[in-house]
Amino acid sequence: MESVRSDAAAQAGDSALTVKILVAGGFGVGKTTLVSAVSEIRPLRTEEALTEKSIGIDDTTAVASKTTTTVAMDFGRITLPNGLVLFVFGTPGQDRFWFMWDELAKGALGAVVLVDTRRLADCFASVDYFERRGVPFIIGVNRFDGAGRHSPDQVRDALDLSPDIPVIDCDVRDREDAKRVLITLVEHIMRTMSGSRQAVTY
C-alpha cells in the first residue's frame, strides 16, 4: 500500500501514506453527515436546495426533514491513529448524478455503502457498482430514528452479500462511530489485498 499516495501529497513532499475511499449509498442515507463528522478539515460540500423540480424524482418520504442534496461530491480528510491519511469522497445519491461516479471512483481503494433499513433497495445500485468493478466495500447500517433493528447477518442475507463483507451498525452523526466505520473499511481493504497477493503467489 506504500505506492498509494495522492499527487498533491507527493508534490508537497509529504511522506504520509494517503488512501482514497468513497462513501456511497442512496438518497438521504447519511453520506454528507459521515464525511462532515469525521473530517479534520472543513469539509467540501456541493449541496443544493431541493426544489419543486425534484418532486416525483427524489423520494423524501423517509427523510422528510431533508432540504438539500449533494450534486457533485463531498470531500473530507482524516488521519487515523497509525498515521494513515484517508481522503474521503462522498458520492451523490440520485440516479441523475451517476455520471459523476466513474470520475470519483478513479484511484479509490475501497468504499463504504451506507444503508437505511427502511429503504434497503436504495443501496442495491451502489453494491452492484462496486461488485462489478472489484472494489472492496463494507456495509454501514446507519441508525435512523424509527427504523427497525436488524442483525448484520439479516442485512447481509437481504443484500445477498458474501460472508467476508463486513456489515456494521453505526450512527454516522457520532464522530467516533463514523471513524470506526472507516477503520473497518481500511482493515477490509488490507485483508482483501493480502488475499489477492497470496492468490497470485500460489
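## Model and confidence

This is a predicted model: local features need pLDDT of at least 70, side-chain atom pairs count only at pLDDT 80 or more, and totals for chains, interfaces and linings use all residues. Residues are numbered from 1 along each chain as its sequence is written, and side-chain values use heavy atoms, with hydrogens and water left out.

The predictor's confidence in each residue is pLDDT, on a scale from 0 to 100. The chain's average pLDDT is 82. A score of at least 70 is reached by 73% of the residues.

## Phe-75 and its ring partners

Rings of Phe, Tyr and Trp (its six-membered ring) pair if their centres lie within 6.5 Å; planes under 30 degrees apart count as stacked, over 60 as edge-to-face and the rest as tilted. The count by this rule is six aromatic pairs. In one of them, Phe-75 meets Phe-87 edge-to-face, because the planes stand at 65°, with ring centres 5.8 Å apart. Phe-75 is in strand 3 (residues 68–79) and Phe-87 in strand 4 (residues 85–90), so this pair links distant parts of the chain, twelve residues apart. Strands (E, at least two residues) and helices (H or I, at least four) are DSSP runs, numbered from the N terminus.

Phe-75 also pairs with Phe-89. Here the rings are tilted, 4.9 Å centre to centre with 50° between the planes. Phe-89 lies in strand 4, so the pair ties strand 3 to a part 14 residues away in sequence.

How accessible is Phe-75? Its relative accessible area is 17%, so Phe-75 is buried. The term means under 20% relative accessible area; exposed is over 50%, partly exposed in between (1.4 Å probe, protein chains only). Phe-87 is buried at 18%, and Phe-89 is buried at 14%.

Trp-101, Tyr-129, Phe-130 and Phe-137 are linked into a cluster by ring pairs.

A charge sits over a ring if NZ of Lys or CZ of Arg is within 6 Å of the ring centre and within 35 degrees of the ring normal. Arg-133 lies over the face of Tyr-129, 3.6 Å from the ring centre. Lys-20 lies over the face of Phe-89, at 4.8 Å.

## Helix 2

Helix 2 spans residues 31–38 and is mostly covered. Six of its eight residues are buried. They are Lys-31, Thr-32, Leu-34, Val-35, Ala-37 and Val-38.
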